[in-house]
Amino acid sequence: MRATTTTVRAAAAAVLAASVLAGCGLGGAEKESVAGKDSLVIGVKEDQPALGVKRPDGTYEGFDVDVATYIAGRLGVPKSRITWRTTNSSVREEALAKGTVDMIVATYSITPKRKMKVTFGGPYYVAHQDTFVRADAAAIRDVRDLKDKRICEVTGSNSWRRVIEERKVAAKPVTVDTYGACMDALAAGRLDAVSTDDLILAGFAAGRPGRMINAPFTDEKYGVGLKKGDLKGCEEVNRAITAMYQDGTAERLLKKWFGESGLKLTTSVPQFEGCT
């Protein structure tokens, strides 16, 4: 009788373990991964010219939007099954963790700190931080010239830290919500400079007075943000990015959005960070 009871209990434990694995193991991971979804919610910016802009009709356009559309297509999700969601810098990690978005393609620089909370595919492009100033700011030619100058601190962005903490330049950060608001503050005289990625600045420069100082000083690796632990999705995203460069799509998109900016555009596959 004891042997029979022990056998029954062992069998029950095995069934329970199998059910747990089915729910939380590979099957569950497949459903959580962007690689296993039939539709995607993708986070983008809505106020960055040439990168992510929300048009009056509610649709989005820009380099990041086109890149995200291409990657989604490679994952088996057509444009008709993509939902776009404005995702500002200050809420990106939270949006991925809560599942508000499945993926973020929004000038999302890969950093060691962010990698603790986010799994990154890519980078899909390596930009460089530069500085945009008003046309009358002739004295600002280099990042060191930002000493004692008012620069934009966008909530959730690291660009101002690159100046003050990494380059040890004693600039004065002024907190603003978005880079669009930064450019408005610069034009109104409330800021002296906006220092961030050259692709972001190039988009704004196309429609505003002022000048790029053309003195880049960082590498900004734009990653595809995924929920922490989505390694399968990351691998598939990297395959998609590789294909995007190999089939000429990346070069076409870069020229489409930044061909007249004067920036030196890189059209070879970036070195991937690795999926962790």
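Buried here means under 20% relative accessible area, exposed over 50%, and partly exposed in between, with a 1.4 Å probe and protein chains only. Helices (H or I, at least four residues) and strands (E, at least two) are DSSP runs numbered from the N terminus.

This is a predicted model, in which local features need pLDDT of at least 70 and side-chain atom pairs count only at pLDDT 80 or more, while totals for chains, interfaces and linings use all residues. Residues are numbered from 1 along each chain as its sequence is written, and side-chain values use heavy atoms, with hydrogens and water left out.

**Confidence**

The pLDDT is the predictor's confidence in each residue, from 0 to 100. Its mean over the protein is 89, and 89% of the residues reach 70 or more. Residues 1-29 have a pLDDT below 50, and this stretch has five contacts in the model beyond near neighbours in sequence (contact: heavy atoms within 4.5 Å). Where pLDDT is low, the predicted coordinates should not be read in detail.

**Helix α6**

Helix α6 covers residues 159-166, and its buried residues are Ser159, Trp160, Arg162 and Val163. Viewed down the axis of α6, these residues fall within an arc of 160 degrees, so they line one face of the helix; the arc is that of the directions from the helix axis to the C-beta atoms. They pack against β8 (129-133), β9 (150-154), β10 (172-176), α7 (179-187), β11 (193-197) and β13 (220-227). Lysine 168, which follows α6, has a positive phi near 55 degrees.

**Sheet**

Five strands form an open sheet in the order β5-β1-β6-β13-β7, with mixed pairing. Two strands pair if DSSP finds at least two bridges between them. At the edges are β5 (82-86) and β7 (118-127), each of which pairs on one side only. Strands β1 (residues 40-44) and β6 (residues 103-104) run parallel and are joined by two bridges. Glycine 43 has isoleucine 104 of β6 as its bridge partner.

**Disulfides**

A disulfide is a pair of cysteine sulfur atoms within 2.5 Å, and by this rule there are two.

| Disulfide | S to S | Torsion about S-S |
|---|---|---|
| Cysteine 152 - cysteine 182 | 1.6 Å | -65 degrees, left-handed |
| Cysteine 234 - cysteine 275 | 2.0 Å | about -85 degrees, left-handed |

Cysteine 152 lies in strand β9 and cysteine 182 in helix α7, so the pair ties together parts 30 residues apart in sequence. Cysteine 152 is buried at 3% relative accessibility, and cysteine 182 is buried at 0%. In the other pair, cysteine 234 is buried at 0%, whereas cysteine 275 is partly exposed at 23%.
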